[in-house]
Amino acid sequence: MKIIIAGAGEVGTHLAKMLSYEKQDIIVLDPDSRRLANLDNYNLMTIQGSAISFDDLKRVGAGSADLFVAVTPFETRNLLACMMAKSMGTKRTVARIDSGEFIQKQHKSFFTESGVDSLIYPEYLAANEIVTALKHTWVRNWFEMLGGELIVVGVKLRANAAIVGHRLRDLGSMSGFLHVNAIKRNRETIIPGGNDVIMENDVAYIATTREHIDRVVEMCGKTKHDVQRVLIMGGNRIAAELGKLIGEKYKVKIIEGDLERCRVLADLLPYCNIVNGDASDTDIMEEEGVGDYDVFVALSDTSERNILSCVMAKELGVNKTVAEVENMQFVAEAESLNIGTIINKQLIASSRIFQNMLDRDVDNAKCLALTDAEVAELEVLEGSKVTRRMVRDLGLSSDMTIAGLVRDGVGHLVNGDTRLLPGDHVVVFCLSGSIHKIEKLFG
Amino acid sequence: MSRSRFQHINYPIVLRMIAWLLLIEAFFMLVPMGIAIYFNESRVALSFGASAAITVISGAMMTFFIQPTSKTMRKREGLLLTAIVWVFFSLFGMLPFLLSGTIKNVTDAFFETMAGFTTTGATVLTGMENLPHGIVFWRSMMQWIGGMGIILFTLAVLPMLNVRGGVSLFNSEVTGITHEKLRPRVSQTAKQLWLIYLIFTVVMATLLMVGDMSWFDSLCYTMATVSTGGYTTSDAGLWFAGSTYEHVVVMVFMFLCGVNFTLIYKVVARGQFRALRFNDTFKWYVFVIILFSASVFIYMNIKGFGQSVGERVELSLFDTISSITSTGFASYKYEVSGGFISILMMTLMFFGGMAGSTSGGAKIDRMMVLIKNTRNELYRIVHSNAVTSVRVDGKSMAHELVEKVIAFLAIYVLVFVVVAVALTLMDVPIFDALFTSMSTLSNMGFGCGVTDGVGAYAALPVGAKWLLAFEMMVGRLELFTVLALFTRTFWIKD
């Protein structure tokens with residue numbers, strides 16, 4: 001697949017790296033040669049030029065591209081670039097935007113007609129992810145398909161979890177309602193076999209069906225908490241989108257250091273409490289009574305500060321913490337520090353792009369990018385390879401596993417004897433760098 | 001975990017890669033073995049068979065016994081592999097010479113092999129006509145393999161290097177200031193480049209065979225030409241043994257193989273003739289060839305060289321192209337007419353062909369940047385507040401790149417002088433030392449004075465041969481890749 005990425009900023013660079021591991025043909029377009037130089041040693045091609053120049057788009061071969069991703073810092077430029085690329089013959093275009101209005105359903109046709117097939121608004125997606133985290137405080141990641149018929153959760157296992165210390169093979173009695181897809185242990189994610197033992201402090205990615213979710217909570221030694229009060233540190237765009245989504249439902253307080261921004265937020269979010277002050281200041285934290293909140297969300301500009309204040313909030317008695325961590329290097333570090341959920345815009349954007357890659361019709365595909373693995377939902381097509389044999393005989397490589405499927409609206413877990421049928425929706429869990437294999441199997 | 005003073009380098013993965021590359025080399029050795037069998041040279045065929053067997057066994061043992069625990073290849077591993085693979089290739093590539101008894105000692109054999117792979121074309125052998133065909137063919141073939149690059153070949157045919165590390169290998173083996181890719185994936189780029197190379201080889205060999213050259217000589221000369229290597233099949237050399245038709249064919253292909261292959265691909269495969277017109281480097285390349293061959297021609301006329309005007313035109317063009325592309329097919333002994341032509345040739349070697357071609361030298365791209373930058377510097381002496389930029393192909397070049405180019409050229413000259421000084425220590429006359437050093441660093445292979453003439457390198461002291469063999473490698477990999485290995489920070493944590 002030929003993919004053009006316009007803009008080598010944080011998101012663009014991350015995407016380019018990820019996709020080059022996925023064995024796709026990547027061309028990165030950016031006017032700044034220094035930013036392109038960072039990508040020199042990756043298996044991709046960089047071209048210096050502007051995303052909104054017809055000449056440059058021609059040079060990168062927009063006419064024969066399968067996917068055009070515009071992720072420059074400017075919304076209007078991204079939209080224009082997508083329109084230009086589409087008119088030149090690119091099959092599918094994706095633009096990064098930063099205003100909530102554009103993603104409203106009633107405007108979709110306008111953008112599709114103008115040549116922008118898909119819009120990514122990372123801040124909005126991030127806010128949505130936080131909403132999910134608030135609903136399911138006991139998990140790190142929550143991935144549901146078809147309205148929750150089938151659910152994949154990432155759970156940190158403590159000593160009190162019933163499944164800790166058992167070999168997967170011995171979990172036979174439970175295999176009816178849970179399936180461990182992957183284990184993240186010491187920064188390494190593995191797809192386990194029957195002989196692997198689940199250990200304390202592992203993050204297990206477990207698939208289950210809707211009716212059994214409560215039993216999974218129990219098996220993992222977790223309790224569900226009801227969230228009522230949410231404290232948000234930092235008033236950036238994610239905070240604003242989040243406030244819009246949850247302001248009426250929960251009691252939300254936002255602490256923001258900049259007075260002007262506070263006024264804007266107060267205007268925008270009438271249901272939220274806005275406090276002017278530096279949230280990393282312990283005094284303010286205590287004054288605002290951090291310990292009384294159910295969830296602490298750290299969304300300041302610096303990843304370090306977010307991580308540290310989450311650790312602090314946890315010490316002060318907050319049950320669930322959420323941190324925005326933009327430095328990829330820090331993500332793994334933060335995960336090992338017991339921070340409940342980590343929000344990373346690059347990963348969120350990657351998820352959307354993988355979705356676009358996996359399916360021509362995005363409504364049928366869904367994807368969640370983790371730091372070193374992806375969870376993807378797709379539809380099994382008529383005549384695809386996976387329908388020919390039982391799952392155990394498919395010869396799936398060791399870096400992927402089929403977690404479950406939804407057939408006729410009912411979720412089922414998958415084991416070796418399952419045979420996939422056309423029309424099934426399946427959830428696949430795979431380690432980074434193997435999404436392209438899925439494409440082949442299901443294509 | 002104890003802390004090591006040394007940088008962590010993943011040696012097993014480097015050795016594993018080398019093992020695989022050796023298997024490829026062994027495969028290449030089977031070709032001259034076939035040639036030897038065809039010419040009924042049983043001992044030579046046997047020596048190639050034995051060499052291939054030794055290489056395969058070594059490679060297989062290395063793959064078998066060395067199990068890399070991690071597959072990561074970072075910058076250090078990439079640099080180390082790119083540099084060291086040439087040493088390994090030469091160590092195993094010299095086996096046929098030793099086993100067949102063509103060359104008796106290791107020093108000479110290693111020198112000859114390194115000169116082959118680096119497309120330098122300096123030789124310790126004399127009496128080419130009496131050498132076994134298998135050996136002659138292997139010499140040309142080594143140049144052919146080395147011309148486009150060992151790593152590049154592997155990238156094109158085997159997927160194993162097509163990982164992140166593979167790209168840094170590509171960057172450290174392919175010549176040039178920046179590394180323009182033809183296609184998004186490095187393996188595709190490598191394939192396109194090798195395709196051009198193969199087409200050149202086939203076309204040129206056919207053209208030579210259509211003339212009255214034997215198929216064996218045609219193949220050998222073709223491989224030595226498209227790689228701009230310069231090994232011959234007879235002592236007399238191409239100039240005296242060949243016809244005008246052959247000279248022209250060789251000249252055309254030397255010229256083409258001194259052009260950036262990416263540019264050729266764009267023009268031929270994509271029909272982008274604009275690329276040619278807007279390429280400053282190509283214009284300079286053509287201009288320098290015309291300027292130098294005209295100077296040589298005029299000088300020859302004054303001095304009364306050669307039989308006729310036609311011969312002088314042919315000779316001046318042939319030698320200019322042969323020098324600028326660092327091919328080094330010897331023609332005339334210029335020293336007898338004073339140093340002028342020799343020094344012109346030496347300048348041309350320094351210039352070299354275009355980056356991204358198979359030619360050696362400092363590359364004309366860099367010379368162009370140097371000269372343009374010099375012009376800017378001089379301009380700024382008068383207009384001290386002027387803000388200037390070096391423009392290449394209509395675009396201004398980043399300052400860091402200009403600095404890198406100038407640093408490159410300074411180090412190039414430094415290496416050239418240091419080796420020359422070392423040679424004079426070994427009793428080589430001063431001009432000969434300078435000329436030989438430049439010729440070796442530029443992967444040219446011409447000799448001068450004591451090193452002039454077929455096989456004259458044999459007479460050099462042992463130390464000089466090792467030194468020159470090393471210099472060839474430094475020149476072929478464009479300095480930085482090899483010299484970085486000699487820095488403290490490469491090995492030791494500070």
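Two strands pair here if DSSP finds at least two bridges between them. Helices (H or I, at least four residues) and strands (E, at least two) are DSSP runs, numbered from the N terminus. On that basis, strand β1 (residues 2-6) of chain A is joined to β4(A) by 4 bridges, and the two run parallel. Within this pairing, Ile5(A) has Val69(A) of β4(A) as its bridge partner.

The structure is a predicted model, in which local features need pLDDT of at least 70, side-chain atom pairs count only at pLDDT 80 or more, and totals for chains, interfaces and linings use all residues. Residues are numbered from 1 along each chain as its sequence is written, while chains are lettered from A and ligands numbered from 1 in the order in which they are written.

**Chains and confidence**

The predictor gives the complex an ipTM of 0.72 and a pTM of 0.80. In terms of pLDDT (the predictor's confidence in each residue, from 0 to 100), chain B has a mean of 86, with 96% of its residues at 70 or more. Confidence in chain B is lowest in helix α8 (residues 164-173), with a mean of 72, and highest in helix α5 (residues 106-117), at 92. Where pLDDT is low, the predicted coordinates should not be read in detail.

**Contact between the chains**

Two residues are in contact if their C-beta atoms, placed from the backbone, lie within 7 Å. The contact takes 12 residues from chain B and 10 residues from chain A. On the chain B side, α8(B) gives the largest share, 5 residues. The side of chain B that touches chain A divides into 4 nonpolar, 4 polar and 4 charged residues. Here Ala, Val, Leu, Ile, Met, Phe, Trp, Tyr, Cys and Pro count as nonpolar, Asp, Glu, Lys and Arg as charged, and the others, Gly among them, as polar.

**Domains of chain A**

Chain A is divided into domain 1 (2-120), domain 2 (121-207 + 344-443) and domain 3 (226-318); the bounds come from an automatic or database domain assignment. The C-alpha centres of domain 1 and domain 2 of chain A lie 28 Å apart. Their contact takes 22 residues from domain 1 and 17 residues from domain 2 of chain A. On the domain 1 side, the elements that give two or more residues are α1 (10-21), β4 (67-70), β5 (92-96) and β6 (118-120) of chain A. The largest share of that side, 6 residues, comes from α1(A). Its residues divide into 12 nonpolar, 4 polar and 6 charged.

**Sheets of chain A**

The pairing of β1(A) with β4(A) belongs to an open sheet of 6 strands in the order β3-β2-β1-β4-β5-β6 (chain A), with parallel pairing. β3 (45-48) and β6 of chain A stand at the edges with a single partner strand each, so one side of each is left without a neighbour in the sheet. The twist averages 20° from one strand to the next. Axes are lines fitted to C-alpha atoms, for helices over the stretch in contact, and angles run from 0 to 180 degrees between N-to-C directions. Helix α1(A) lies across β1, β2 (25-30), β4 and β5 of chain A, running at about 165° to β2(A).

Another open sheet has 5 strands in the order β7-β8-β11-β9-β10 (chain A), and its pairing is antiparallel. Its edges are β7 (141-145) and β10 (188-190) of chain A, each with a single partner strand, so one side of each is left without a neighbour in the sheet. Neighbouring strands of this sheet are turned by 15° against each other on average, direction ignored. Strand β9 (residues 179-185) of chain A pairs with β10(A) in the antiparallel sense over 3 bridges. Lys184(A) stands opposite Thr189(A) in β10(A).
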